[in-house]
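Subject: Structure handover

Hello,

Here is the structure you will be working with. My notes on it follow below.

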Amino acid sequence: MIRLTVNGKAYDVDVEPDTPLLWALRENVGLTGTKYGCGIAQCGACTVHVDGVATRSCSLQVSDAVGKQITTIEGLAQGNVLHKVQKAWVDHEVPQCGYCQTGMIMAVAALLKDKPKPTDADINAEITNICRCGTFQQVRAAIHAAANA
Ligand code: FES
Ligand code: FES
């Protein structure tokens, strides 16, 4: 058994230590908001926070997440109060199919914690998530809106 702390709750998951965190979250913990895209740390669909750092969970083994605070999209809002990034996403109608968006939102939430007023260059450098629907313009606008919220 491996103990993971996810969204402030402890879960004992019966997986091999080298299981990708993504699969433990989806299959064992039952939180399916975190998505599988590429499996090789390229697309960002699987982004969660590990001790506050945006992390591509397809490429982190569960044994390396033990003792750390894992936050998924399900844990980003505070009760019924959306995180300012979620609010900006709704206001700007960012998602199209939505598949990449939970990872995108988690990456942006981490960016704004480190850089509350990111420039376009910061966004280009830090938000490397891939969106096959091409929502990049709305993403950028919503990031600036959230930064000014
Ligand atoms: S599924 Fe993890 S980066 Fe693509
Ligand atoms: S909204 Fe469809 S992949 Fe990004």
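Trp23 is partly exposed, at a relative accessible area of 31% (buried means under 20%, exposed over 50%, partly exposed in between, with a 1.4 Å probe and protein chains only). This is a predicted model, where local features need pLDDT of at least 70 and side-chain atom pairs count only at pLDDT 80 or more, while totals for chains, interfaces and linings use all residues. Residues are numbered from 1 along each chain as its sequence is written, chains are lettered from A and ligands numbered from 1 in the order in which they are written, and side-chain values use heavy atoms, without hydrogens and water.

Trp23 sits in helix α1, residues 21–29 (helices are DSSP runs of H or I with at least four residues, strands are runs of E with at least two, both numbered from the N terminus).

How many aromatic pairs does a search of the whole structure find? There is one (rings of Phe, Tyr and Trp, the last by its six-membered ring, pair if their centres lie within 6.5 Å; planes under 30 degrees apart are stacked, over 60 edge-to-face, the rest tilted). Trp23 and Tyr36 form this tilted pair, with 5.3 Å centre to centre and 35° between the planes. Trp23 lies in helix α1 and Tyr36 in the loop between α1 and β3 (47–50), so the pair ties together parts 13 residues apart in sequence. Tyr36 is partly exposed too, with a relative accessible area of 36%.

**The sheet**

Five strands form an open sheet in the order β2-β1-β5-β3-β4, with mixed pairing (two strands pair if DSSP finds at least two bridges between them). At its edges are β2 (9–13) and β4 (53–56), each pairing on one side only. Strand β1 (residues 2–6) pairs with β2 in the antiparallel sense over five bridges. Leu4 has Tyr11 in β2 as its bridge partner.

Regards
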